[in-house]
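Here is a short briefing to read with the model open beside you. Have a look at the structure first, and then we can walk through the core, the helices and the DNA.

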Amino acid sequence: MKGTKFQIKVWKYLMKIPKGKVKTYKQVAIGINRPKSARAVANACSKNPYAPTVPCHRVIKSDGSIGGFSGPGGKIYKEKLLKKEGFSL
DNA sequence: CACATGACCTAAC
DNA sequence: TGTTAGGCCATGT
């Protein structure tokens with residue numbers, strides 16, 4: 001686990017997210033005691049080198065949209081993954 | 001330190 | 001409904 005303090009905090013918080021659940025970037029930002037760092041949170045997720053370890057795919061926008069995802073299939077992969085995990089409204 | 005980038009948020013047209 | 005503009009934060013150059 002290497003990275004900045006901020007990233008570590010974000011990744012740790014993401015790991016705490018129960019399977020089948022999703023959080024918004026804002027919620028995560030608030031969780032790490034940085035209510036106004038939604039952008040930085042998204043940044044940390046995109047830079048997260050522990051993709052499967054850190055469920056960055058369980059983080060969505062405040063609107064409930066997938067947001068984005070850097071990887072195979074992009075947001076499509078994220079959508080499918082969430083559905084597989086049980087994320088169904 | 002200044003500038004640029006990004007998976008954001010909100011308001012306004 | 002789609003686009004623009006401003007604000008916000010962390011990171012890298």
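A nonpolar core is a set of buried Ala, Val, Leu, Ile, Met, Phe, Trp, Tyr and Cys residues joined through side-chain atoms within 4.5 Å, where buried means under 20% relative accessible area, exposed over 50%, and partly exposed in between (1.4 Å probe, protein chains only). This is a predicted model, in which local features need pLDDT of at least 70, side-chain atom pairs count only at pLDDT 80 or more, and totals for chains, interfaces and linings use all residues. Residues are numbered from 1 along each chain as its sequence is written, chains are lettered from A and ligands numbered from 1 in the order in which they are written, and side-chain values use heavy atoms, with hydrogens and water left out.

**The nonpolar core**

- The largest nonpolar core has 16 residues, and those with the most contacts inside it are Val-10, Trp-11, Leu-14, Val-28, Val-41, Cys-45 and Val-59.
- Two or more residues of this core come from each of α1 (5-15), α2 and α3; helices (H or I, at least four residues) and strands (E, at least two) are DSSP runs, numbered from the N terminus.
- Helix α1 provides the largest share of this core, five residues.
- As general background, nonpolar side chains tend to be buried together in soluble globular proteins.
- Leaving out residues up to four places away in sequence, Trp-11 touches Met-1, Lys-2, Ala-44, Lys-47, Asn-48, Pro-49, Tyr-50 and Val-54, with contact meaning heavy atoms within 4.5 Å.

- In α3, the buried residues are Val-41, Ala-44 and Cys-45.
- Seen down the axis of α3, these buried residues fall within an arc of 100 degrees, so they line one face of the helix; the arc is that of the directions from the helix axis to the C-beta atoms.
- The partners against which the buried residues of α3 pack are α1, α2 and β2 (59-60).
- In helix α4 (residues 75-85), Lys-78, Leu-81, Leu-82 and Glu-85 are buried.

**The loop between α2 and α3**

- Asn-33 sits in the loop between α2 (25-31) and α3, and its phi is near 75 degrees, a positive value in a residue other than glycine.
- For comparison, most residues other than glycine have a negative phi.
- Asn-33 counts as exposed because its relative accessibility is 58%.
- Ser-37 also lies in the loop between α2 and α3, but Ser-37 is buried, with a relative accessible area of 16%.
- Apart from neighbours within four places in sequence, Ser-37 is in contact with Phe-6 and Ala-29.

**DNA strand B**

- Around DNA strand B there are 15 residues, of which the closest are Tyr-25, Lys-26, Asn-43, Ser-46 and Ser-62; a residue is near a molecule or strand if one of its heavy atoms lies within 4 Å of it.
- Of the atoms of DNA strand B that come within 4 Å of the protein, 40% belong to sugar and phosphate.
- An N or O atom in the side chain of Lys-26 is 2.6 Å from a phosphate oxygen of DNA strand B.
- Base nitrogens of DNA strand B are 2.8 Å from an N or O atom in the side chain of Asn-43 and 3.3 Å from a polar backbone atom of Gly-68.
- Helix α3 gives the largest share of the surface near DNA strand B, six residues.

**DNA strand C**

- The residues surrounding DNA strand C are Thr-4, Phe-6, Arg-34, Lys-36, Ser-37, Arg-39, Ala-40, Asn-43 and Lys-47.
- Sugar or phosphate makes up 59% of the atoms of DNA strand C within 4 Å of the protein, and the rest belong to bases.
- A polar side-chain atom of Arg-39 lies 2.4 Å from a base nitrogen of DNA strand C.
- A sugar or linking oxygen of DNA strand C lies 3.5 Å from a polar side-chain atom of Lys-47.
- Helix α3 (residues 38-47) gives the most to the surface near DNA strand C, with four residues.

Notes. Polar contact = N/O pair within 3.5 Å; in protein donor to acceptor, adjacent residues only side chain to side chain.
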